[in-house]
Amino acid sequence: MKVAVVLVVLCIVYHAAAETCSADGDCVNTNCDSSHDLECHRGQCTCVNHVSSCSSASDCSGSCTFFGRHGRWHCVDAKCRCFAF
């Protein structure tokens, strides 16, 4: 039972931390630095660099914040994308 409660709490925290969207204009709490563009990707607001490509997260750099917290870089579809988790 305790495990189930912990999982529910973690799901709520994850959903609250990730800004969801259906279009780029829905992203108001996600901030990208000047070298990245704000984009709604698969229902989540991200920062993306459309100019360069990547093969792993270590190829990505820059800053991105979600609700004032730092995000983490991921290499998705050969593009650096910053997500809340």
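# Disulfides, core and sheet

Colleague: Is the link of Cys21 and Cys40 right-handed or left-handed?

Modeller: The link of Cys21 and Cys40 is right-handed, with 100 degrees about the S-S bond. This is a predicted model, where local features need pLDDT of at least 70 and side-chain atom pairs count only at pLDDT 80 or more, while totals for chains, interfaces and linings use all residues. Residues are numbered from 1 along each chain as its sequence is written, and side-chain values use heavy atoms, with hydrogens and water left out.

Colleague: How do you know that a disulfide joins Cys21 to Cys40?

Modeller: A disulfide is a pair of cysteine sulfur atoms within 2.5 Å. From S to S, Cys21 and Cys40 are 2.1 Å apart, so the pair qualifies as a disulfide. Cys21 sits in the loop between helix 1 (2-17) and strand 1 (30-32), and Cys40 in strand 2 (residues 37-41), so the bond ties together parts that are 19 residues apart in sequence.

Colleague: What makes Cys21 count as buried?

Modeller: Buried means under 20% relative accessible area, exposed means over 50%, and partly exposed is in between (1.4 Å probe, protein chains only). Cys21 has 13% relative accessibility, so Cys21 counts as buried.

Colleague: What are the details of the link of Cys27 and Cys45?

Modeller: The link of Cys27 and Cys45 is left-handed, with -90 degrees about the S-S bond. Cys27 is in the loop between helix 1 and strand 1, Cys45 is in strand 3 (residues 44-48), and the two are 18 residues apart. Their sulfur atoms lie 2.2 Å apart, and both residues are buried.

Colleague: Why does Cys75 count as partly exposed?

Modeller: Cys75 has 25% relative accessibility, so Cys75 counts as partly exposed. Cys54, at 10%, counts as buried. A disulfide joins Cys54 to Cys75, S to S 2.1 Å. Cys54 is in the loop between strand 3 and strand 4 (64-66) and Cys75 in strand 6 (residues 72-76), so the bond ties together parts that are 21 residues apart in sequence. This link is right-handed, with 100 degrees about the S-S bond.

Colleague: What pattern do the disulfides of the protein follow?

Modeller: Counting bonded cysteines along the chain, the pattern is 1-4, 2-5, 3-6, 7-9, 8-10. The structure holds five disulfides.

Colleague: Which residues make up the largest nonpolar core?

Modeller: The seven residues are Cys47, Cys54, Cys60, Cys64, Trp73, Cys80 and Cys82. A nonpolar core is a set of buried Ala, Val, Leu, Ile, Met, Phe, Trp, Tyr and Cys residues joined through side-chain atoms within 4.5 Å. Cys82, for one, has a relative accessible area of 1%, so Cys82 is buried. Leaving aside residues up to four places away in sequence, Trp73 touches several residues, including His36, Ala57, Cys60, Cys64, Cys80 and Cys82; contact means heavy atoms within 4.5 Å.

Colleague: What is the order of the strands in the open sheet?

Modeller: The open sheet of four strands has the order 2-3-7-6, with antiparallel pairing. Strand 2 and strand 6 are the edge strands, since each pairs on one side only. From one strand to the next the twist averages 40 degrees. The protein has one helix and seven strands, taken as DSSP runs numbered from the N terminus (helices H or I, at least four residues; strands E, at least two).

Colleague: How do you know that strand 6 and strand 7 pair?

Modeller: Two strands pair if DSSP finds at least two bridges between them. Strand 6 and strand 7 (residues 79-83) have five bridges, in the antiparallel sense, so they meet that test. His74 stands opposite Arg81, and Arg72 has Phe83 as its bridge partner. In the hairpin of these strands, with two residues between them, Asp77 takes a positive phi near 55 degrees.

Colleague: How many bridges join strand 3 to strand 7?

Modeller: Two bridges join these antiparallel strands, and the bridge partner of Cys47 in strand 7 is Cys82.

Colleague: Why is strand 7 largely enclosed by the rest of the structure?

Modeller: Four of the five residues of strand 7 are buried, so strand 7 is largely enclosed. Of the 85 residues of the protein, 34% count as buried.

Terms used. Axes are lines fitted to C-alpha atoms, for helices over the stretch in contact, and angles run from 0 to 180 degrees between N-to-C directions.
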